Amino acid sequence: MVTPSPATAAAHKDSGATIERKARLRLWIRLLRASRFIEGVTRERFKAQFNMTLPRFDVMAALYRKPDGMLMSEIARFLIVSNGNVTGIVDRLVAEGFVARSQRNGDRRTSFITLTRRGRAAFAAMAAAHEYWIDELLGGVSTRDAEQLSAKLKSFRSEWEGEA
């Protein structure tokens, strides 16, 4: 048996690492392409069918999960955006009658946001359409594959989410 030289062993080891890096890079590119495609289609459909933007839908979704409402800073943290981004979105949702803004304990610096009755009804209709669109767009993925991939991505997320 021939023992490879240190230089050859290092090159081979690096070659294996390169293959692994390339595989992970391809995975990331495929996830990014899929995500961008699905996001683009849903953006267009929200605009066409509900005159709604994806960021406004996301804020409504966060509020729907918390029926008692959320502070503006909680919404921003949940959506991983700045408070300034949320303020503009909430202003528009208030103007449309989908959410209500109030001060917490009379403190003008903290805005507490809740879905209105109109907002809850509108969100329920949009969420049902959104679920249908995603099912349609991912229709080629079996339930088993979807569950396995989702579980894998969830475990992956838990490995790095504390670092962000």
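This is a predicted model: local features need pLDDT of at least 70, side-chain atom pairs count only at pLDDT 80 or more; totals for chains, interfaces and linings use all residues.
Okay, a quick definition to start: helices here are DSSP runs of H or I with at least four residues, strands are runs of E with at least two, and both are numbered from the N terminus.

Residues are numbered from 1 along each chain as its sequence is written, and side-chain values use heavy atoms, with hydrogens and water left out.

Now, the whole chain. Of its 164 residues, 21% are buried, meaning under 20% relative accessible area, with exposed being over 50% and partly exposed in between (1.4 Å probe, protein chains only). Take contacts, meaning heavy atoms within 4.5 Å, between residues at least 6 apart in sequence: 53% of those join residues at least 24 apart.

On to the helices. H2 is residues 54–65, H3 is residues 72–79, and they pack at about 110° with their axes 10 Å apart. Axes are lines fitted to C-alpha atoms, for helices over the stretch in contact, and angles run from 0 to 180 degrees between N-to-C directions. That makes H2 roughly perpendicular to H3, a label that covers 65 to 115 degrees. Who touches whom? From H2 we have Asp58, Val59, Ala62, Leu63 and Arg65, and from H3 there's Ile75, Phe78 and Leu79.

H3 also meets H4: their axes come within 9 Å and cross at roughly 110°. So H3 is roughly perpendicular to H4 too. On the H3 side you'll find Met72, Ser73, Ile75 and Ala76, facing Asn83, Val86, Thr87 and Val90 of H4.

Let's stay on H4, residues 83–95. Its 13 residues reach 18 Å from first C-alpha to last, close to the 18 Å expected at 1.5 Å a residue, where the expected span is 1.5 Å times one less than the number of residues. Which H4 residues are buried? Val86, Ile89, Val90 and Leu93. They sit on the same side of H4 because they cover an arc of only 100° around the axis, taken from the directions from the helix axis to the C-beta atoms. Turned away from that buried side, the other face carries exposed Gly84 and Ala95. And after H4 comes glycine 97, with a positive phi near 80°.

Notes. Angles under 35 degrees count as roughly parallel, over 145 as roughly antiparallel, 65 to 115 as roughly perpendicular and the rest as oblique.
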